[in-house]
Amino acid sequence: MNPQELSAQYTVKRIENDDIPHVYELCQGNPLYYKHCPPFVTVDGIRKDMVILPDGKKPKDKYYLGFWQGDFLAAVMDLISEYPDKETA
């Protein structure tokens, strides 16, 4: 999969360790989400989210992506290809 094909408006790339502060800042700005889906975001939680996989999936199937507009991170997507079935991501 080519992540850039997910958006014509944003630059889409895998989140790397150097991007974690941007992810943390973005997520902190959405406390309502964490009120309904705890726990609240932490840097350690982001690191775990970057690598955690459901049973039977491999690292090559995971895309922890950032949608960037210049240096501004607008969105994060945690996508697992072919999960829970071959027709779904």
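User: Cys27: buried or exposed?
Analyst: Cys27 is buried, with a relative accessible area of 14%. Buried means under 20% relative accessible area, exposed means over 50%, and partly exposed is in between, using a 1.4 Å probe and protein chains only. Keep in mind that this is a predicted model: local features need pLDDT of at least 70, side-chain atom pairs count only at pLDDT 80 or more, and totals for chains, interfaces and linings use all residues. Residues are numbered from 1 along each chain as its sequence is written, and side-chain values use heavy atoms, leaving out hydrogens and water.

User: How many disulfides does a search of the whole structure find?
Analyst: Zero disulfides turn up in the whole structure, a disulfide being a pair of cysteine sulfur atoms within 2.5 Å. Cys27 is in none, and its nearest cysteine sulfur belongs to Cys37.

User: New topic: helices. At what angle do H1 and H3 cross?
Analyst: Roughly 110°, and the axes of H1 (residues 20-28) and H3 (residues 43-51) come within 10 Å. So H1 is roughly perpendicular to H3. Angles of 65 to 115 degrees count as roughly perpendicular, under 35 as roughly parallel, over 145 as roughly antiparallel and the rest as oblique. The axes are lines fitted to C-alpha atoms, for helices over the stretch in contact, and angles run from 0 to 180 degrees between N-to-C directions. Helices (H or I, at least four residues) and strands (E, at least two) are DSSP runs, numbered from the N terminus.

User: Which residues meet there?
Analyst: On the H1 side, Ile20, Val23 and Tyr24. On the H3 side, Val43, Ile46, Arg47 and Met50. By class, the contact has six nonpolar, no polar and one charged residues. Ala, Val, Leu, Ile, Met, Phe, Trp, Tyr, Cys and Pro count as nonpolar, Asp, Glu, Lys and Arg as charged, and the others, Gly among them, as polar.

User: Where does Ile15 lie?
Analyst: Ile15 is in the loop between strand E1 (11-14) and H1. Ile15 is buried, at 5% relative accessible area.

User: What does Ile15 touch?
Analyst: Not counting residues up to four places away in sequence, its contacts include Val23, Met50, Tyr64 and Trp68. Contact means heavy atoms within 4.5 Å.

User: And Val12: buried or exposed?
Analyst: Val12 is buried, with a relative accessible area of 7%. Val12 lies in strand E1. Val12 and Trp68 are 56 residues apart in sequence, yet 6.2 Å apart in space, C-alpha to C-alpha.

User: What about Arg14, which element holds it?
Analyst: Strand E1 holds Arg14. Arg14 is partly exposed, at 36% relative accessibility. Beyond four places in sequence, its contacts include Asp19, Lys62 and Tyr63.

User: Last topic: peptide bonds. What kind joins Pro38 and Pro39?
Analyst: A cis peptide bond, with omega about 5°. Pro39 sits in the loop between helix H2 (31-36) and H3. Another cis peptide bond joins Tyr83 and Pro84, where omega is about 10°.

User: What phi does Glu82 have?
Analyst: Glu82 has a positive phi of about 50°, although it is not a glycine. Glu82 lies in the segment after E3, and is partly exposed at 41% relative accessible area.
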